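Hi,

Here is the structure I promised to pass on. Have a look at it first, and my notes follow below.

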Amino acid sequence: MSPVDLDARVAAGLAETTARLHAACAAAGRDRSEVTLVAVSKTHPVEAAAAAVAAGVLDLGENRPRELASKAAVLDDVRWHLIGPLQRNKVRDVVGVTHCIHTVDRRRLLDAIEARAQHVAQVEERDVEVDVMVQVNVAGDRAKHGCAVDEVDALVAYGASQPHVRVVGLMTMPPLPEPGVDPNEAARPHFARLRGLRDRVARGHPGVRALSMGMSADLEAAVLEGATHVRVGTAIFGGRPPRRD
Ligand SMILES: *Cc1c(COP(=O)(O)O)cnc(C)c1O
């Protein structure tokens, strides 16, 4: 695709997504400013991410740490979000680079993030605070990442006890809907559950406010249930070649 075509296609996808977000916020009686659109550029070339930024995107998401780090080296005036699974040996790629890690689901990962943040703070002689969200497997779906619902409180408390980590919210991915089922309808109870969890957790940890939920197919349900971050790829950038994650 020529650069002009790419820019035009991404701008059109973004305009359509923004219109859906406005409509969803209006239907939910919410202010559009309450919902951050994270444009998910994974698998697409950095030129596509740059086209989104040129069209007004302020937040970009990637699900692989390496891909995030290499794109962030080129596009460094946006907020980068890690939305995919993080292994401890990849923590160094994203700490100090990402605005928020949405996918923290175990203590050992928090330990690695804290250790790396301490290191960066020392070497670069600056304050480093890593914003993270706890990913929750609300459906108890074994194929999915995320901690169990009954582990959330302990994980949030553990994160809150780390000096260089701030737990700012919860994230979830609902199970894929059965064929023929409206994705918004299928996802909504899972989003409602995450919101209920957040409300409860926030009583002890008022900094836990964010709800990262909703993608191309189900952002309306997510906004209705209080999403503060929707992660939208396909609707902005078009389809992706299949990849195992
Ligand atoms: C890929 C991905 C998205 C975006 O999905 P689309 O259906 O393309 O909008 C959102 N969240 C996560 C965790 C992803 O991996």
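To begin with the cysteines: how many disulfides does the structure hold? The answer is 0, and please keep in mind that this is a predicted model. Cys25 takes part in no disulfide, and its nearest cysteine sulfur, the one of Cys100, is 19 Å away. A pair of cysteine sulfur atoms has to lie within 2.5 Å to count as a disulfide. Cys25 counts as buried because its relative accessibility is 1%. Cys147 is in no disulfide either; for Cys147 the nearest cysteine sulfur is again that of Cys100, 15 Å away. With a relative accessibility of 2%, Cys147 also counts as buried.

Now to the ligand. Which residues surround it? They are Lys42, Ile83, Met171, Met173, Met215, Ser216, Arg231, Val232, Gly233, Thr234 and Arg240. By type, this shell divides into 5 nonpolar, 3 polar and 3 charged residues.

- Lys42: an N or O atom in its side chain is 2.7 Å from an oxygen atom of the ligand.
- Gly233: here a polar backbone atom lies 2.8 Å from an oxygen atom of the ligand.
- Arg240: a polar side-chain atom is 2.8 Å from an oxygen atom of the ligand.

Best wishes

Note on methods
Residues numbered from 1 in each chain as written. Predicted model: local features only at pLDDT ≥ 70, side-chain atom pairs only at ≥ 80, totals over all residues. Heavy atoms only, no water. Buried < 20%, exposed > 50% of the residue type's maximum accessible area, 1.4 Å probe, protein only. Near = heavy atom within 4 Å. Polar contact = N/O pair within 3.5 Å; in protein donor to acceptor, adjacent residues only side chain to side chain. Nonpolar A, V, L, I, M, F, W, Y, C, P; charged D, E, K, R; others polar.
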